[in-house]
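The paragraphs that follow are meant to be read with the coordinates open.

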Amino acid sequence: MHLMLIPGLFMVFVFSYIPMAGLVIAFQNFVPAKGLFGDQVWVGLGNFRFLMSLPNATNVLKNTVVIALWKMVLGIFVPITVALMLNELASLRYKKLIQTVIYFPHFLSWIILGSVLIDILSPSTGIVNRLLGVLGMEHIFFLGDNQYFRGTMIISDVWKNFGYGTIVYLAAITSIDQTLYEAAAIDGAGRLRQTWHITLPGMRMIIALMMVLSMGNVLNAGFDQIFNMYSPAVYETGDILDTMIYRMGLENAQFGAAAASGMLKSIISLFFISISYWVADKWFDYRLF
Amino acid sequence: MKERKKEKIKTSPARKIFCVCNGILLAVLMTSCILPFIHVLAVSFSDKVYVQAGLVVFLPKGFNVRSYQYLINKIAFWRAFRITVVRTVLGTAINLSLILLTAYPLSKSKEKLIGRSVYTWFFFITMLVSGGLIPSFVLVGQLGLRNTIWSLVLPGALPVFNLVLMINFFRQVPIEMEEAAMIDGAGHFKILTKIYVPLSKAAIATISLFCMVNHWNAWFDGMIYMKSATKLPLQTYLRNIILKMDMSQMTGDDYGLLQMLSNESIRSTQIIVAVIPVLCIYPFLQKYFVKGIVLGGVKG
């Protein structure tokens, strides 16, 4: 049995553990030609000091946290609401149809969704702005205006993923004991009260668990999405840690500084993820393995 | 009492109004998920004049299939398409064999697999911390994988979250069957292939679908690891031509047909063609993935 584990252990060691050790780059003036773990010049905390000295460092951190937090909050609230609404539907066929359609965007890449969004949100020809025009409103440059960029990112992310989340909550709703509803109805509780006193408490565990587990994403504002839709015009509100690391490391070849910010991100995330798993384990008896 | 009052409000007409509003609201949500794609589909079939004038909404105007004719002959697109198909098949095969092989021992009890908690921690830690982009990028370069298909399938060879799903499925396999096979002299590999795999077909289907979708949609690795334009997977290729709107990639022959086409139509057509495979496996996704995410999300 131990033999069977070897290939998996090996791959994970090479592609997860070596990069972790490779974070020593953060303390070096890294030159790729000399190689990982090669004879590099050590600069101590120099890269970190350089990061702190960047004028936009706090701004990037703020963007990251703001976007990530909004996505976390709405990413829980919206699916729960939709699941409750779906649960009220009398027609099973309609329910099934809606479910089928709403999680479709989840399976598409941000490349596809990004280009669709760029197309429909275009200030001149996009259908959204044409609709606004018909309604007599000003055209909005959703992806190029600092006032709207974050909101557009948050809403489009929720739009992509709410169908997926809905499934989880809907499953929790269907596992609630039906006799509770019958008892409540006999006691004279209306649908609203049934929802408030039976359905929501029945989902309490899963909602709390999802909240706790989403905590680890506090620094993940969504690289795939933002990278494919942002532009220098909206760096002020849209540039996040991951996009900054990418530009720094792979476009400007500042490997040391990029690895240093990657390391900071990893450490802060480790803190949050550990707490979230710890809480999930203690309160909800949730264990991955 | 307050409860009585509320009860009165909830008479049947109010309930009816609520149901109608609820139904309508859900319909709006549902259409929001599909209309953007219908628009793209309409643009792909529309005539240049109408597209550029911004007159195409959800129905094609000046219906034609020229952009599809153009795309059929576009070698670069199909080359990228083929690379993505190859990586999806190869990548999913690697993912699945590693997941099966690793999940089997880890699904055993602590008594049966000595050091199980050490192994699980080894995998679990990778979900907590990662080296991040820069060291991984340097590592792949140093291993000489850049510009090869291996750079797309090896770094994520063992997706740990899917491994967890598989372990949980495997734990549901009745232990008696395994014990019986043991007595008959079957080894662990035989038990895995002859008992566990046939009994977890649904789980395997779920996880393969997850892996397939991941590989199909992956673009970032293609962008950073592939140096030559002829080796880009489909999503990366699409990113280059759609998001950057780089017209320099067009060859001279393209121009004849191109004059009759708008950029929007070509873009839309490529989006549609890239979405079709996802649509094709969508019924299967639907069938299996509810089980999968519920298990992954709720679990325990």
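Two residues are taken to be in contact if their C-beta atoms, placed from the backbone, lie within 7 Å. With that cut-off in hand, and bearing in mind that this is a predicted model, one can begin with chain A, where 68% of the contacts between residues at least 6 apart in sequence join residues at least 24 apart. In chain B, 70% of the contacts between residues at least 6 apart join residues at least 24 apart.

Chain A contains 13 helices and two strands, and its C-alpha trace spans about 75 × 65 × 35 Å along its principal axes. Of the 289 residues in chain A, 39% are buried. Chain B has 16 helices and zero strands, and buried residues account for 37% of its 300 residues.

How many residues does each chain bring to the contact between them? Chain A contributes 78 residues, which are in contact with 76 residues of chain B. On the side of chain A that touches chain B, the largest share comes from helix 1 (residues 2-21) of chain A, which supplies twelve residues. Sorted by class, that side of chain A comprises 52 nonpolar, 17 polar and nine charged residues.

Eight residues of domain 1 of chain A are in contact with five residues of domain 2 of chain A, and the side that domain 1 of chain A presents to domain 2 of chain A consists of six nonpolar and two polar residues, with no charged residues.

Chain B is likewise divided, into domain 1 (2-64) and domain 2 (68-297), and here the contact draws on eight residues from domain 1 of chain B and nine residues from domain 2 of chain B. On the domain 1 side of this contact in chain B, the elements that give two or more residues are helix 2 (12-44) and helix 3 (48-52) of chain B, and helix 2 of chain B gives the most, with four residues. The residues on that side of domain 1 of chain B are four nonpolar, three polar and one charged.

Two packed helices are described by the angle between their axes and the distance between the axes. For helix 9 (residues 160-170) of chain B and helix 12 of chain B, the axes come within 10 Å and cross at roughly 175 degrees. An angle over 145 degrees counts as roughly antiparallel, and helix 9 and helix 12 of chain B are therefore roughly antiparallel to each other. In this pairing, N162(B), L165(B), M166(B) and F169(B) of helix 9 meet A203(B), I207(B), F210(B) and C211(B) of helix 12, and the residues of the contact are seven nonpolar, one polar and no charged.

Some single residues complete the tour. In chain A, W42(A) lies in strand 2 (residues 41-42), and it counts as exposed because it has 9 C-beta neighbours inside 10 Å. Leaving aside residues up to four places away in sequence, W42(A) touches F27(A) and Q28(A), and the C-alpha atoms of W42(A) and Q28(A), although 14 residues apart along the chain, are separated by 4.4 Å.

Most residues other than glycine have a negative phi. A253(A), by contrast, has a positive phi near 55 degrees; A253(A) sits in the loop between helix 12 (241-251) and helix 13 (255-284) of chain A, and with 12 C-beta neighbours inside 10 Å it counts as exposed. In chain B, N147(B) also has a positive phi, near 70 degrees, and is placed in the loop between helix 7 (133-142) and helix 8 (150-153). Because 13 other C-beta atoms lie within 10 Å, N147(B) is partly exposed.

Terms used: Residues are numbered from 1 along each chain as its sequence is written. Chains are lettered from A and ligands numbered from 1 in the order in which they are written. This is a predicted model: local features need pLDDT of at least 70, side-chain atom pairs count only at pLDDT 80 or more; totals for chains, interfaces and linings use all residues. Ala, Val, Leu, Ile, Met, Phe, Trp, Tyr, Cys and Pro count as nonpolar, Asp, Glu, Lys and Arg as charged, and the others, Gly among them, as polar. Domain bounds come from an automatic or database domain assignment. Axes are lines fitted to C-alpha atoms, for helices over the stretch in contact, and angles run from 0 to 180 degrees between N-to-C directions. Angles under 35 degrees count as roughly parallel, over 145 as roughly antiparallel, 65 to 115 as roughly perpendicular and the rest as oblique. A residue is buried if 20 or more other C-beta atoms lie within 10 Å of its own, exposed if 12 or fewer, and partly exposed in between; C-beta atoms are placed from the backbone.
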